[in-house]
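Visitor: I am new to this structure and would like to learn how to read its features one at a time. Could you show me the model and then take me through it?

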Amino acid sequence: MELPFAESYRIKMVETIRKSTREEREKWIKEAKYNLFLLKSDYVFIDLLTDSGTGAMSDKQWAAIMEGDESYAGARSFYRLKDTIEMLTGLPYVLPSHQGRAAENVLFSSIVKEGDILPGNSHFDTTKGHIEYRKAVALDCTIKEASNTELEIPFKGNMDLEKLEEVLKTTPREKIPCVVLTVTNNTAGGQPVSMENIKGVSALCKKYGVKLLMDSARFAENAYFIKTREKGYENKTIREIVHEMYEGADYMTMSAKKDAIVNIGGFVAFRDEADMRKAQMFTIMNEGFLTYGGMAGRDMNALAQGLLEGTEFEYLETRINQVAYLGKKLDEYGVPYQRPAGGHAIFLDAKKILTHLPKEEFIAQTLGIELYLEAGIRGVEIGSLLADRDPVTRENRYPALELLRLAIPRRVYTNNHMDYIAAAAKNVYDRRESITRGYKIVKELPIMRHFTIELDRADR
Ligand code: F0G
């Protein structure tokens, strides 16, 4: 008999989580103004709000924490981190930061100016925020196939090379500080970018003399998909693939809270010393001295170790298989989601579930609340609340897709939890006809409103 798949780790420490009753959850979500971000985590049974900073560190990472060098300058832990990044990516210059958006702040402070254009494949919210805050434009060049949730293609996170070339051709070079390639493409559903596409983007950058930034939060998951889906890579190691992915990159920003499996941390890496020197000042002003930039020595040690573990095939296989397992269960139950299953999350297609709900009543948010009420599971809305209002007209923006992201933390839940999540989603799906009323906004901030927004049941 063929042996079934089994996890590549065993569990040494556990944390109790508690179920609750539907009555309790009804009270709690009302008190939280129907905003899942405002719920206490103790009121959540399975927390799929994000895979960022929520992973379980290994015995070796905890051991590395004990060996942290807390020197203000020149810490051993910094050099361990820098050497690991250089070994993996070939980028030799590193500025640590406290997380991914801080890395963006440091880099963009040194290269982005008003009126610039930064083409990319679905810039992440904070990346877009840092670009728009500087009165520059984050121009989306993701392939159009990414917005068809039913279409199954292996590299749905790719950049549209024709569209990118058109932008590079028609925009003065000095107005494009860099192209932003996000691997994997979070916003499009944790979908990977192929090596062919990475090389295509890099060749265009070279042709037009523009720098390439890789937003690398989930770079190792991307490498896993290249190994398992792209011809010619099946016999290469994850680390060989990672090295090749970065051959054409000039900059790398990293939220280490994802693929480096730490609870906090990030960095910017550079190919050229001169580029790093230009950005140094912003690390010192915002993050800290150059050899710790917002992190304790112990955090840098855990990060360096996490980068090694995060680029091991067995670990990645366990990780991605778990997300795929949840996808397969949802297939059995006919629950629609962005196909194929992503690297770090399943994105339920709320418009295909709550088909009769008007968009003005926040379809994906309504689905998120229903899943919480059903089973104490917390996802996150990727829809019109997240999209904010149009900065000029102040009208709500309604994106083409209304998604509920179920992000799976690394090494945290078991496949029994996946079964539970799938069953809860099925129950909500089965009673979808009875969900006839969504939500209205009571209070909101002008930008990034979804974190703090207050809602109430829609009038009807
Ligand atoms: N880039 C990508 C692709 C991300 O997904 C994130 C964070 C960041 C940059 C910013 O990093 O949070 O460390 O400051 N994504 C999290 C998420 C928050 O839930 O997807 P950060």
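Visitor: Which side chain has an N or O atom 2.8 Å from a nitrogen atom of the ligand?

Guide: In this predicted model, that side chain belongs to K258, where an N or O atom lies 2.8 Å from a nitrogen atom of the ligand.

Visitor: How much of the ligand's accessible area does the protein cover?

Guide: On its own the ligand has 470 Å² of accessible area, and the protein covers 93% of that. The ligand is surrounded by 17 residues, and the closest of them are T50, R101, S255, K258 and R405. Helix 4 supplies the largest share of this shell, with three residues.

Visitor: How should I read a helix, taking helix 10 as the example?

Guide: The general idea is that an α-helix has 3.6 residues a turn, so residues three or four places apart point the same way. Helix 10 covers residues 273–286, and from its first C-alpha to its last it reaches 20 Å, close to the 20 Å expected for its 14 residues at 1.5 Å a residue. Its buried residues are D275, M276, A279, Q280, F282 and T283, and among the elements that cover them are strand 2, helix 4, strand 7 and strand 8.

Visitor: Where is the kink in helix 10 centred, and which residue follows the helix?

Guide: The kink, of about 35 degrees, is centred on A279, which is also listed with the buried residues of the helix. After helix 10 comes G288, whose phi is positive, near 145 degrees.

Visitor: Is K156 buried or exposed?

Guide: K156 counts as buried because its relative accessible area is 0%, while buried means under 20%. This lysine is found in the loop between strand 4 and helix 6, and a polar atom of its side chain lies 2.7 Å from the backbone oxygen of L151 and 2.6 Å from the backbone oxygen of R339. Leaving aside residues up to four places away in sequence, K156 touches a set that includes I143, E145, A188, Q338 and P340.

Visitor: Which residues does the cis peptide bond with omega of about -10 degrees join?

Guide: That bond joins R339 and P340, and P340 lies in the loop between helix 12 and strand 9. There is also a cis peptide bond from V183 to T184, with omega near -20 degrees, and T184 is found in the loop between strand 5 and helix 7.

Visitor: What should I look for at H344?

Guide: H344 is found in the loop between helix 12 and strand 9, and H344 is buried, with a relative accessible area of 0%. Its side chain makes a polar contact of 3.0 Å with the side chain of N186.

Visitor: What is the phi of S122, and what is the phi of D388?

Guide: S122 has a phi near 55 degrees, a positive value in a residue other than glycine, and D388, which is not a glycine either, has a positive phi of about 60 degrees. S122 sits in the loop between strand 3 and helix 5 and is buried at 11% relative accessible area. D388 lies in the loop between strand 11 and strand 12, and counts as buried at 9% relative accessibility.

How values were computed
Residues numbered from 1 in each chain as written. Predicted model: local features only at pLDDT ≥ 70, side-chain atom pairs only at ≥ 80, totals over all residues. Heavy atoms only, no water. Helix = DSSP H or I, 4+ residues; strand = E, 2+ residues; numbered from the N terminus. Expected span 1.5 Å × (residues − 1). Bend = angle between axes of the 7 residues up to and from the residue. Buried < 20%, exposed > 50% of the residue type's maximum accessible area, 1.4 Å probe, protein only. Contact = heavy atoms within 4.5 Å. Near = heavy atom within 4 Å. Polar contact = N/O pair within 3.5 Å; in protein donor to acceptor, adjacent residues only side chain to side chain. Areas by Shrake-Rupley, 256 points an atom, 1.4 Å probe, with all protein chains shown as cover.
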